[in-house]
Amino acid sequence: MSDFGLIGMASIIIAGLTIAIGSIGPALGEGRALAQALQAIAQQPDESNTITRTLFVGLAMVESTAIYCFVVSLILIFANPFWAAVQSGS
Amino acid sequence: MRLSPDTIEVFSLGPVSVNATLVFSWVIMALLVVVSWWITRRLSATGDIGRGQNVLEAVVAFIRDQIRQVTNQDPDPYLPFVGTLFLFIVTSNVLSVVPGFEPPTGSLTTTAALAVCVFVAVPVFGIAELGVREYLANYLRPTPFLLPFTIIGELSRTLALAVRLFGNVMSGTVIAGILLSVVPLFFPVVMQAFGLLIGVIQAYIFAILAIVYIASGTEVRQRRAHAEKETP
């Protein structure tokens with residue numbers, strides 16, 4: 001198989017795997033955080049404003065790991081350095 | 001498929017090509033300026049206020065309230081910056097339901113610019129509040145060994161801020177595009193409504209994170225004030 005095909009195939013497969021595996025952890029974490037927040041709101045409805053805001057900030061922090069995976073897969077597909085090297089070499 | 005409105009060129013001014021991201025950012029800026037000018041043209045301080053003034057006052061009161069709750073400080077110094085971020089992003093995301101409108105926040109360039117604004121605003125507010133020495137000393141606490149991690153953290157949170165907003169808005173438009181070609185009836189409408197919710201929440205998260213970062217840069221003074229209050 002040519003270099004083009006090999007790099008394209010590897011990039012696309014790895015990009016899919018990156019976002020698939022990388023989103024498992026944050027998904028579990030966010031689900032857990034949300035469940036805890038709902039429980040807290042159910043117990044103390046008066047504090048729901050503070051709880052919701054803290055939840056959003058926390059979710060944003062948890063989400064960043066998934067976002068890094070997203071960035072990596074975007075780089076693999078749209079800004080692959082090896083792809084560019086092969087293109088400029090040939 | 002288009003991933004961002006960057007690739008749509010509207011017109012070019014000499015060597016500079018003006019793309020859809022720029023044009024729609026200008027549209028939003030013009031809209032915000034004109035609407036606020038039009039409403040604040042005749043303000044009244046009595047109980048008999050117009051509808052527009054009522055809406056604007058509710059928005060400003062909401063933002064002030066959130067800032068005060070996060071920082072435990074007077075919200076006035078932060079209100080212009082954080083409020084502008086929130087209003088710009090929320091307008092951009094909500095207007096994405098208008099046909100033909102490409103939300104500029106769906107382009108990485110816009111969100112990166114906004115995140116860089118936050119990145120710059122943190123030391124600006126921190127130095128204005130604490131002074132240069134005290135702000136820089138903040139980096140060496142609790143120990144100087146953590147300095148590299150603090151710096152990496154500052155950079156990576158800026159990246160995460162930009163990519164979070166970009167990813168959410170971009171995925172909204174891309175999913176709408178895919179659904180239109182697969183199930184063109186009814187279902188895209190549901191996803192659009194869901195996208196509205198996501199857009200407003202993302203704008204809220206962006207503004208709250210900006211104020212949290214700014215507050216963390218001005219934190220030392222509070223802790224010392226606390227300590228002074230407790231010692232005597």
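In what sense, parallel or antiparallel, do strand 1 and strand 2 of chain B pair, and over how many bridges? In this predicted model, the pairing of strand 1 with strand 2 (residues 16-19) of chain B is antiparallel and extends over 4 bridges. Across this pairing, B:Phe11 stands opposite B:Val18, a residue of strand 2 of chain B. The two strands form a hairpin with 2 residues between them, and in this hairpin B:Gly14 adopts a positive phi near 60°. Strand 1 of chain B comprises 5 residues (residues 9-13), and because the number of these that are buried is 0, the strand lies largely in the open. In general, the side chains of a regular strand alternate between the two faces of the sheet.

Read from the N terminus, the order of elements in chain B is β-β-α-α-α-α-α-α-α-α. Along the principal axes, the C-alpha atoms of chain B fill a box of roughly 70 × 55 × 40 Å. Chain B has 232 residues, of which 30% are buried. Among the contacts in chain B with a separation of 6 or more, 66% are between residues 24 or more positions apart.

Chain B also touches chain A: 9 residues of chain B are in contact with 9 residues of chain A. On the side of chain B that touches chain A, helix 6 (147-182) and helix 7 each supply at least two residues. Helix 7 of chain B provides the largest share of this side, namely 5 residues. Classified by type, the residues on the side of chain B that touches chain A are 7 nonpolar, 1 polar and 1 charged.

The packing of one pair of helices between the chains can be described further. Two packed helices are characterised by the angle between their axes and by the distance between the axes. For helix 3 (residues 48-78) of chain A and helix 7 (residues 187-217) of chain B, the angle is about 90° and the axes are 10 Å apart. Because angles of 65 to 115 degrees count as roughly perpendicular, helix 3 of chain A is described as roughly perpendicular to helix 7 of chain B. From helix 3 of chain A, the residues A:Arg53, A:Phe56, A:Val57 and A:Ala60 take part in the contact. They meet B:Tyr204, B:Ile205, B:Ile208, B:Leu209 and B:Val212 in helix 7 of chain B. The residues of this contact comprise 8 nonpolar, no polar and 1 charged.

Conventions. Residues are numbered from 1 along each chain as its sequence is written. Chains are lettered from A and ligands numbered from 1 in the order in which they are written. This is a predicted model: local features need pLDDT of at least 70, side-chain atom pairs count only at pLDDT 80 or more; totals for chains, interfaces and linings use all residues. Axes are lines fitted to C-alpha atoms, for helices over the stretch in contact, and angles run from 0 to 180 degrees between N-to-C directions. Angles under 35 degrees count as roughly parallel, over 145 as roughly antiparallel, 65 to 115 as roughly perpendicular and the rest as oblique. Two residues are in contact if their C-beta atoms, placed from the backbone, lie within 7 Å. Ala, Val, Leu, Ile, Met, Phe, Trp, Tyr, Cys and Pro count as nonpolar, Asp, Glu, Lys and Arg as charged, and the others, Gly among them, as polar. A residue is buried if 20 or more other C-beta atoms lie within 10 Å of its own, exposed if 12 or fewer, and partly exposed in between; C-beta atoms are placed from the backbone. Two strands pair if DSSP finds at least two bridges between them.
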